[in-house]
Amino acid sequence: LKIMDNRITPLATHELTNEIYQLIWNARIKKILIKGANETVKYINRGLVTFVVLAADAHPVEILLHIPLICEEKNVKYIFICSKSVLGNVCGLNVPVISCGILRNNYTEIQTMITKIKNKIIQI
């Protein structure tokens, strides 16, 4: 998917997207995954989210462009991936999801994955 909107940044590479899906899958199993734009915003504002994933193919994209602003204000890393449908599936739902967040947690495995992904985001 070619994203032409310059507001969709940073956009994950194919390899990084697969790592993000693995992170989301693990967070879902550990019950520290927030799904949906409204829930994501609510938990970011409460200071409970450590990482946010956004779908670049949300239409219109303006429905989620406020989330990166909130993330920057709260010092929460975020990244866009290409498909809301796949994001929904990885989140365990049968509907598209335009945003999800990983709650702050003490799981070493999850923290390691997040750190690795955050370091790759810096390079994009």
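The part I have in mind is a pair of residues: are Tyr-78 and Phe-80 buried or exposed?

Reply: Happy to look at this with you. Please keep in mind that this is a predicted model. Tyr-78 and Phe-80 are both buried.

The structure holds one aromatic pair. Tyr-78 and Phe-80 form that pair: the ring centres are 6.4 Å apart and the ring planes stand at 85°, so the arrangement is edge-to-face. The cut-off behind that word is an angle over 60 degrees between the planes.

Strand 3 spans residues 77-81, and the loop between helix 3 and strand 3 holds Asn-75. Asn-75 has a phi near 60°, which is a positive value in a residue other than glycine. With 70% relative accessibility, Asn-75 counts as exposed, whereas Tyr-78 and Phe-80 are buried.

Next comes helix 3 itself, and its packing against helix 2. As a reminder, a packed pair of helices is described by the angle between the two axes and by the distance between them. Helix 2 covers residues 37-45 and helix 3 covers residues 66-74; they pack at an angle of about 15°, and their axes are 10 Å apart. Angles under 35 degrees count as roughly parallel, and helix 2 and helix 3 are therefore described as roughly parallel to each other. Their crossing is left-handed. On the helix 2 side, the contact is made by Ala-37, Val-41, Ile-44 and Asn-45, while helix 3 brings His-66, Ile-67, Ile-70, Cys-71 and Lys-74.

The loop between strand 2 (49-55) and helix 3 contains Pro-60, and the peptide bond from His-59 to Pro-60 is cis, with omega near -5°. A cis peptide bond also joins Thr-9 and Pro-10, where omega is about -5°. Pro-10 lies in the segment before helix 1.

That brings us to helix 1, residues 14-29, where Gln-22 is found. Gln-22 has 41% relative accessibility and so counts as partly exposed. The C-alpha atoms of Gln-22 and Val-90 are separated by 8.4 Å, although the two residues are 68 apart along the chain. Asn-26 also has its place in helix 1. With a relative accessible area of 11%, Asn-26 is buried. If we leave aside its neighbours within four places in sequence, Asn-26 is in contact with Glu-109, Ile-110 and Met-113.

Our last stop is Lys-31, in the loop between helix 1 and strand 1 (33-35). Phi of Lys-31 is near 60°, again positive in a residue other than glycine. Lys-31 is exposed, with a relative accessible area of 72%.

To return to your question, Tyr-78 and Phe-80 are both buried, and their rings make an edge-to-face pair.

Conventions: Residues numbered from 1 in each chain as written. Predicted model: local features only at pLDDT ≥ 70, side-chain atom pairs only at ≥ 80, totals over all residues. Heavy atoms only, no water. Axes fitted to C-alpha atoms, helices over the stretch in contact; angles between N-to-C directions. Helix = DSSP H or I, 4+ residues; strand = E, 2+ residues; numbered from the N terminus. Parallel < 35°, antiparallel > 145°, perpendicular 65-115°, else oblique. Left-handed = near helix turned anticlockwise from the far one by under 90°. Contact = heavy atoms within 4.5 Å. Phe/Tyr/Trp six-rings, centres within 6.5 Å; stacked < 30°, edge-to-face > 60°. Buried < 20%, exposed > 50% of the residue type's maximum accessible area, 1.4 Å probe, protein only.
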